[in-house]
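I opened the model today to look up a few residues, some strand pairings and the nonpolar clusters. My entries follow in the order in which I looked things up.

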Amino acid sequence: IIAVYQSERRYNIEMDPQNSSDTLSVKSNYTADANKVTGIEVDFDKVSLSVGFKSTAPENVTQKGRTSYSNFGFSFGGNKWLLETSYRKFKGFYDQNTANYDTSYKAGKPYYQNPSMVNESVKAKFFYFTNNKKFAYKSSYSCVYRQLKSSASWVLTGNFYYNSMRTDSSFAPRLIRQYYDSYASLNGMRMLGISAGGGFSVNIVLWKSLFLNITGIANIEEQWRKNSWTNRP
């Protein structure tokens with residue numbers, strides 16, 4: 001199966017001040033515009049690969065700056081086990097709330113921009129199905145498998161993911177940095193997560209025409225987080 005797709009990709013990060021009650025005026029609302037992302041997906045038997053990218057500028061690059069976006073997905077496996085992985089990256093953000101704290105701002109003037117700001121994530125998920133002789137989980141989410149009769153299976157899962165947000169200077173915009181106390185010099189946030197668990201999945205097939213999948217999974221998770229600042233270790 002070869003498919004070309006187009007989707008909307010927009011990312012927002014809100015930062016609330018630490019020492020001001022006037023939240024609207026001194027908060028930041030970072031946005032990364034990467035709308036109408038074009039991608040391609042290829043599915044062949046047990047292998048699936050998808051790639052999406054966006055690097056063109058918004059309608060007004062002077063006002064909003066440039067955002068680059070990339071997304072990759074890869075999965076491998078069949079009825080017995082399945083491994084799904086993905087990678088996503090945004091680079092280049094602008095602050096939509098600039099007009100509320102910049103008294104010199106006028107319509108059409110450039111927003112506060114942070115071109116070095118990056119948000120990145122890596123994810124991997126593993127499934128194991130106990131009833132793999134009669135149950136096809138991929139029939140729900142891939143066009144290369146088909147479930148002919150209703151069936152269900154216990155599912156064992158494992159997950160790994162890494163999220164990172166970083167910039168060269170500080171996340172807080174220069175004009176309102178004093179309202180963020182110790183977070184004024186924050187320039188990096190990283191988080192690593194590992195989880196494991198299990199659940200149940202069922203494919204319901206009616207008259208070989210109507211299809212429904214219901215999956216419920218619970219995991220126990222451990223997270224490790226690390227922040228970095230410009231003025232201290």
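I began with Ser 70, which counts as buried because its relative accessibility is 18%, where buried means under 20% relative accessible area, exposed over 50% and partly exposed in between, with a 1.4 Å probe and protein chains only. I note that this is a predicted model, in which local features need pLDDT of at least 70 and side-chain atom pairs count only at pLDDT 80 or more, while totals for chains, interfaces and linings use all residues. Residues are numbered from 1 along each chain as its sequence is written, and side-chain values use heavy atoms, with hydrogens and water left out.

Ser 70 lies in strand 6; strands here are DSSP runs of E with at least two residues, numbered from the N terminus. I listed its contacts (heavy atoms within 4.5 Å), leaving aside residues up to four places away in sequence, and found Gly 52, Phe 53, Tyr 87, Arg 88 and Lys 89. From Ser 70 to Lys 89 the C-alpha distance is 5.4 Å, although 19 residues separate them in sequence.

Next I looked at Trp 81, which is found in strand 7 and is partly exposed, with a relative accessible area of 33%. Trp 81 belongs to a nonpolar surface patch of about 550 Å², made together with Val 47, Leu 49, Phe 74, Phe 76, Leu 83 and Phe 126. Strand 5 (47-54), strand 6 (68-77) and strand 7 each supply at least two residues of that patch. For such patches, residues need over 30% relative accessible area and no salt bridge, and nonpolar side chains (Val, Leu, Ile, Met, Phe, Trp, Tyr) are joined within 5 Å; a salt bridge is a side-chain nitrogen of Lys or Arg within 4 Å of a carboxyl oxygen of Asp or Glu. Areas come from the Shrake-Rupley method with a 1.4 Å probe.

I then turned to the nonpolar cores, that is, sets of buried Ala, Val, Leu, Ile, Met, Phe, Trp, Tyr and Cys residues joined through side-chain atoms within 4.5 Å. The largest has 20 residues, and Ile 13, Tyr 30, Phe 90, Phe 93, Met 117, Phe 171 and Tyr 180 touch the most other members. Strand 2 (10-15), strand 3 (28-33) and strand 7 (81-95) each supply at least two of its residues. A second, separate core of 6 residues includes Leu 82, Phe 129, Tyr 137 and Val 155.

Last, I checked pairing, which requires that DSSP finds at least two bridges between two strands. Strand 8 (residues 112-129) and strand 9 (residues 151-166) are antiparallel over 12 bridges, and Phe 129 has Val 155 in strand 9 as its bridge partner.

How values were computed:
Helix = DSSP H or I, 4+ residues; strand = E, 2+ residues; numbered from the N terminus. Patch = residues over 30% accessible without salt bridge, like charges linked within 9 Å, V, L, I, M, F, W, Y side chains within 5 Å.
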